[in-house]
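Hi,

Here is the model I said I would pass on.

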Amino acid sequence: MDEAVPGPAPEGADSRVTVKEEDSPWEQVCSSWESSCHAQELCRLRFRHFSYRDVTGPRQALAQLHELCRRWLRPETHSKEQILELLVLEQFLTVLPAELQARVREHHPESGDEVVTALEDLEKDTGQQASVYTRGQDMHSLVTEYQGASSECQSLQLLPRVTALKCEPPELCQENPGEVSAEEAVSKDGLFNAKQETFEEIQQGAEASGAPNRDCMLQPPGTSICTDRTVVHMNTLKDRHPGDLWARMHISSLEYAAGDITRKGRKKDKARVSELLQGLAFSGDSDVEEENKPEAHPAPKRLKISNVPEKNWTKRDLKPNFPSWSALDSGLLNLKSEKLNPVELFELFFDDETFSLIVNETNNYASQKNVNLEVTVQEIRCLFGILLLSGFVRRPRRGMYWEISDTDQNLVKDAIRRDRFELIFSYLHFADNNHLDQKDKFTKLRPLIKQMNRNFLLYAPLEEHYYFDKTMCECFDSDQFLNGKPIRIGYKIWCGTTTQGYLVWFEPHQEESSVMVDKDLNLGLGGNLVMHFADVLLERGQYPYHLCFDSFFTSVKLVSALKKKGVRATGTIRENRTEKCPLMNVEHMKKMKKGYFDFQVEENEEIILCRWHGDGIISLCSNAVGIEPTSELSCCADDEEIHQIAQPSIVKLYDECKEGVAKMDEIISKYRVRIRSKKWYSILVSYIIDVAMNNAWQLHRACNPDTSLDLLDFRRYVAHFYLENNANLSD
């Protein structure tokens, strides 16, 4: 810190206060600002004011521009959206008028929204202060003096590390402008009337100097600037404002200065600043100024303090406290005793209530279109028979089911006329258009989805393990994409299945999900869906279910929330969700032999995280299963020899459960319904029919483990039954 050297000045000499430099505090300030967030603005200014004359050739110029742009935009840490925001912010500030631009930059905006907010606040403050200047008859003289002082202050703005002085017209709230009460000292924008005093002192300094204002006209960057009068005025103000408070008000960092930012220009700027600093004395804080300390910059943003206690990780095995599974599936025993045929199993889901819903809504929709359809339940069953038949008897056009003569086609001809089928299929409906929820994207299918979910859950096998994942319903008109699935384009569907592929619950994906959970948990979309599926399972009884899911859903917070519900959970987890668990680094673990694993347990919530090196590096989280007992797994090494490697219990359980949704997709893909209408939701209706057929076949295999039909025979049985028993009903 510089120290002022007191003492009387010789006669005829300039009454400046000399400054003795013991060290280089200005360089220290620069380095501290370089390490702060404002260094980004400095890099931007260096990039924009780069001079070709400061380099030796075009290649060096291009390389230096690349480096300055990289330091400004920081592509290694900023996303594309953040880089775009920086470019838009810069252009927004550039198009602003000069007076607004200077005042907005004082707030150090980081986004365009913050600039808009600052401008709106300035407009409000300007509107409230406009009425002050209407009093008095000598307005012309005040404005003239104000303009003269403003030109001097604007010249200061071009100096490095010097912001413009707040030269504003004095407020005329009282008869005597020099007397300002303490209550009126605070203005709307939080600044004190100290800037009014500053303005008056600048005027007094201007009168004492006797130099005209036009001598300090605004100069373009890079030219010499008249600073003698400015330094005299600042010396005058220094005497009345002891301490470093006044300096902090009007001296800002180099990042927000105008002028040449090249290396040669910076040396010139430092010389100008040194000349300016000769008139300033930096001392300790003043007790008087603490009471009226103006706020030069907005208060820094407060960081959100989380109330979640820090995790306490320990390397030991998990000690779960869940009860063992001992539930008896009485529903499946009842189905075995009833010995239901394939049609009866299929109609457990498409029951009489569901068929009545389809008939009523279809007739209602046709009547709204002034069409007397009068479809019956028998005709809807016949239509379902044709849809099921299209899964294993494929034709290029659906009209060909009535043209070609063979066994299956004759069933179609005898069951329903083609024109009648086309008419019913075009008006097939599942909801009342007069009572649609506009917030629900799938509101036209919502009654059918609710009915299917209720029946799927009612007859689902009572098992210990379930798997929750996402799947796709094929549709090339959809903009949804899911990588890593056999069907990648279509409607994304969240679904929970048993380990064998029985669908228990499903929900089509939409931006505003209709799933309602506790918002205080803050689990995100994936966590909310898993919590809802857990609530659906708990409706059947408070059993210790075990849910498995992939890394899209898994988090330590989700596993903890499921544990509080009494539900066991295991899933793969991403690196950024491990809550600072000190597991071995992935790159380091790749160098270890296959079968190596590392694990940690959270002491407070009894949750384990395990990282295992198998075919790849996999990280898992669980509240119910740990490391022991380990098992042996055959694995091919780099030398193509088969070795036995260790596999923790948590990895083995996840591998056994994760195929549930994949098995369901495989079964559905074999004989998928091929007939579709022009309505956008017809593909989802076909998907629901295929899922119901999959669930019926799963129950058939569970009830008849030794004499079960294969999927093709099971599907053909249902299709032929609907066509044979409803023949000629439409005639």
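**What I found**

The accessible surface of the protein comes to about 39,000 Å², with 50% of that belonging to carbon and sulfur atoms (areas by the Shrake-Rupley method with a 1.4 Å probe; for residues, only the protein chains shown count as cover). Bear in mind that this is a predicted model: local features need pLDDT of at least 70, side-chain atom pairs count only at pLDDT 80 or more, and totals for chains, interfaces and linings use all residues. Residues are numbered from 1 along each chain as its sequence is written, and side-chain values use heavy atoms, leaving out hydrogens and water.

Overall, I get 26 helices and 13 strands (DSSP runs numbered from the N terminus, H or I of at least four residues for helices, E of at least two for strands). Of the 731 residues, 46% are buried (under 20% relative accessible area, with exposed over 50% and partly exposed in between; 1.4 Å probe, protein chains only). Taking contacts (heavy atoms within 4.5 Å) between residues at least 6 apart in sequence, 65% join residues at least 24 apart.

On to the cores (sets of buried Ala, Val, Leu, Ile, Met, Phe, Trp, Tyr and Cys residues joined through side-chain atoms within 4.5 Å). The largest nonpolar core has 123 residues, and Phe346, Phe350 and Phe384 have the most contacts inside it. Helix H25 (residues 682-703) gives the largest share of this core, 13 residues. Beyond its neighbours within four places in sequence, Phe384 touches Phe346, Phe350, Phe355, Ile358, Ile689 and Tyr722. There is also a second, separate core of 10 residues, including Phe47, Ala61, Trp72 and Ile83.

Helix H20 (residues 524-538) is worth a look too. Buried residues in H20 include Gly526, Leu529, Phe533 and Leu537. The buried residues of H20 pack against several elements, among them helix H19 (446-458), strand E5 (490-498) and helix H21 (556-564).

Then there is Asp598, in strand E9 (residues 597-602). Asp598 counts as buried because its relative accessibility is 6%, and its side chain makes a polar contact with that of Lys315 at 3.2 Å (N or O atoms within 3.5 Å, one able to donate a hydrogen and the other to accept it; residues adjacent in sequence count only if both atoms are side-chain atoms).

Cheers
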